[in-house]
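Here is a briefing on selected helices, strands and contacts. Please read it alongside the model.

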Amino acid sequence: MIGAGRYDGAQLPDLPAAARNVAALGGLLAVDGCTQVVDPLDVAAVLDPVRTASLQAEDLLVVYYAGHGLLLGRQRDELHLAVGRSDLEKPWAAVPYAQVADLVRDSGARVKVVILDCCYSGRATGVPLMAAGPGVMEQVDVEGVYVMTSSPATRPSYAPSGSAFTAFTEALLDELAAAATGTDGRVSLAAVFERVRRRMRRAGLSEPQQYTTNTAAELVLVVHGKQVGGRVVTWGYSTRYEGRDIWRISEVATVPYGLPPATAVSAGYGHDLSLDAYGRVHAWGDNGEGQLNVPDGLDRIVAISAGGSHSLALDADGRVYGWGRNTHGQAAVPEALSGMVSVAAGWSHSMALGSDGRVVAWGSNRCGERAVPGGLSRVSAIAAGGLHCLALDADGRVTAWGDNTYGETRVPDTLGRVVAIAAGSHRSLAVDVDGKLTAWGKVGRPSRPSRATPPKGLDRIIAIAAGEWHDLALDANGQITAWGDNSRHQTEVPTGLVGVTAIAAGGHRNLAIVAD
């Protein structure tokens, strides 16, 4: 399962939903021996694992790809699958689908399944190219082949702004779970395809295509989960507000019984939020300022963020909602705000990122948190710290503003092309395109903070989170590393915690989503 969501050049926008597609689909099907490839940089990073799988598979070979589909070659009519270093003017930097097809053809597996979620993916079925010559899929036209694509040969596929998944894979995930209800979790490829096709047609989106030989379409999938998402795990201690700016560390952090599987989590100072596959927000922990009082009727939510004592949510239409403490206006979302794709909640301030790359900030301006630098544009990610802000632009450059007491806004000159950022109480973190983690500011015990230096040996980092005085990093193997203040056991990662897909760090505790 391949999710190509990060791209070096400006020609191809990042597609963060691709990685979530892979995690969710892998968790739902739980196929034995499944390899997940997230954000491959070059052609070999895709073809090598596909070749390995094709050689090892005996009964079933499944190849799934989500990312940008490109039409390259001399006539601009050959389907290529984009990777991190792909360029529209460098066809050799993208994966020719014909090479994937060769590997599938050569596999000894009895049944071979290819699922493509990218623009122009219908070319993989060979149907639109029959009149002009042999289609790509004719190269794998062997017994027991099934191909499902997100769009026809000449149509784009869609990744709705702010949505957790791409449109096609979201439909596939939902219909897999829905079709399995009442059938002991078993459903055929043919049945799922028809359900997805009807759903996409009703939505006015590109219709999926299929190609099959012999009885491959009747392959029965065993769905292990009826809901998309993962189990939420927490460790550390909870913090409760007692009024007059007095906080008390009260008890061991816990997750509410019966909490639905989550697709996203966020940890505030004393409260936590999770988002389920149906776009519903769940909240628990301290409610001293109403930060758990999720507004009635809130649905179709695609992003969440928990701040000091307030909460933010973003819906599929780009609208932002705020609730909880509002002493500085941090929960009072500007009325004209629309077209947003991301939100971030700090201690007493809030941020939102627009689809046009602009950043909006409101709430406290004690340290200049609302003073978004002039000229800041083409922003792709934001992060809100205690009293400071971070923004990452499309070229991988980090901009910081607000409180600089501990050097948290002094961005190092040595940063490479950054792909992820996080902000804690008094420090900042960044991960570059090679998975290298850099931190600046202060971390550790509040009474004796030290320089924010990550542990040695960390590499292939795919996600980061910053709490009050501690930090987390998640590597490509799904393992978490924690460092900083451990006064409430917040850096003692639970033994055996593997398969993690998302992390969040709060006041004195952490959250993780585990794909069981």
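In strand β16, Val-281 is the bridge partner of Leu-275. Helices (H or I, at least four residues) and strands (E, at least two) are DSSP runs, numbered from the N terminus. Two strands pair if DSSP finds at least two bridges between them. This is a predicted model: local features need pLDDT of at least 70, side-chain atom pairs count only at pLDDT 80 or more, and totals for chains, interfaces and linings use all residues. Residues are numbered from 1 along each chain as its sequence is written, and side-chain values use heavy atoms, with hydrogens and water left out.

**The β14-β15-β16 sheet**

- Strands β14, β15 and β16 form an open sheet in that order, with antiparallel pairing.
- β14 and β16 are the edge strands, and each pairs on one side only.
- From one strand to the next, the twist averages 20 degrees. Axes here are lines fitted to C-alpha atoms, for helices over the stretch in contact, and angles run from 0 to 180 degrees between N-to-C directions.
- β15 and β16 (residues 281-285) pair over five bridges in the antiparallel sense.
- Four residues separate β15 from β16 in a hairpin. In the turn, Gly-279 has a positive phi of about 75 degrees.
- A hairpin of three residues links β14 to β15.
- Val-265 has Ser-274 of β15 as its bridge partner, and Ala-262 stands opposite Asp-276 in β15.

**Burial of β15**

- Strand β15 (residues 271-276) is mostly covered, with six of its six residues buried. Buried means under 20% relative accessible area, exposed over 50%, and partly exposed in between (1.4 Å probe, protein chains only).
- In a regular strand the side chains alternate between the two faces of the sheet.
- Both faces of β15 are covered. His-271, Leu-273 and Leu-275 are buried on one side, and Asp-272, Ser-274 and Asp-276 on the other.

**The β20-β21-β22 sheet**

- Another open sheet has three strands in the order β20-β21-β22, again with antiparallel pairing.
- Its edge strands are β20 (340-345) and β22 (359-363), each pairing on one side only.
- Neighbouring strands of this sheet are turned by 20 degrees against each other on average, direction ignored.
- β21 (residues 349-354) pairs with β22 over five bridges. Ala-352 has Val-360 in β22 as its bridge partner.

- Helix α2 (residues 44-56) has 13 residues, which should span 18 Å at 1.5 Å a residue; its end C-alpha atoms are 18 Å apart, which agrees. The expected span is 1.5 Å times one less than the number of residues.
- Val-46, Leu-47, Val-50 and Ser-54 of α2 are buried. Seen down the axis, the buried residues of α2 fall within an arc of 85 degrees, so they line one face of the helix. The arc is that of the directions from the helix axis to the C-beta atoms.
- Leu-55 and Gln-56 are exposed, on the face of α2 turned away from its buried side.
- The cover over the buried residues of α2 includes β1 (2-3), β3 (60-66), β6 (95-96) and α3 (97-106).
- In α3, Tyr-97, Val-100, Ala-101, Leu-103 and Val-104 are buried. They cover an arc of only 160 degrees around the axis, which puts them on the same side of α3.
- The buried residues of α3 pack against α2, β3, β5 (78-81), β6 and β7 (111-117).

**Helix α5**

- Helix α5 (residues 189-202) has 14 residues. From first C-alpha to last, α5 reaches 20 Å, close to the 20 Å expected.
- Buried in α5 are Leu-189, Ala-190, Val-192, Phe-193, Val-196, Arg-197 and Met-200. Their arc of only 155 degrees around the axis puts them on the same side of α5.

**Asn-21**

- Asn-21 lies in helix α1 (residues 17-29). At 0% relative accessibility, Asn-21 counts as buried.
- Its side chain makes a polar contact with that of Thr-166 at 2.9 Å, and another of 3.4 Å joins the side chains of Asn-21 and Thr-169. A polar contact is a pair of N or O atoms within 3.5 Å; within protein, one must be able to donate a hydrogen and the other to accept it, and residues adjacent in sequence count only if both atoms are side-chain atoms.
- Leaving aside neighbours within four places in sequence, Asn-21 is in contact (heavy atoms within 4.5 Å) with Tyr-64, Ala-66, Asp-117, Phe-165, Thr-166 and Thr-169.
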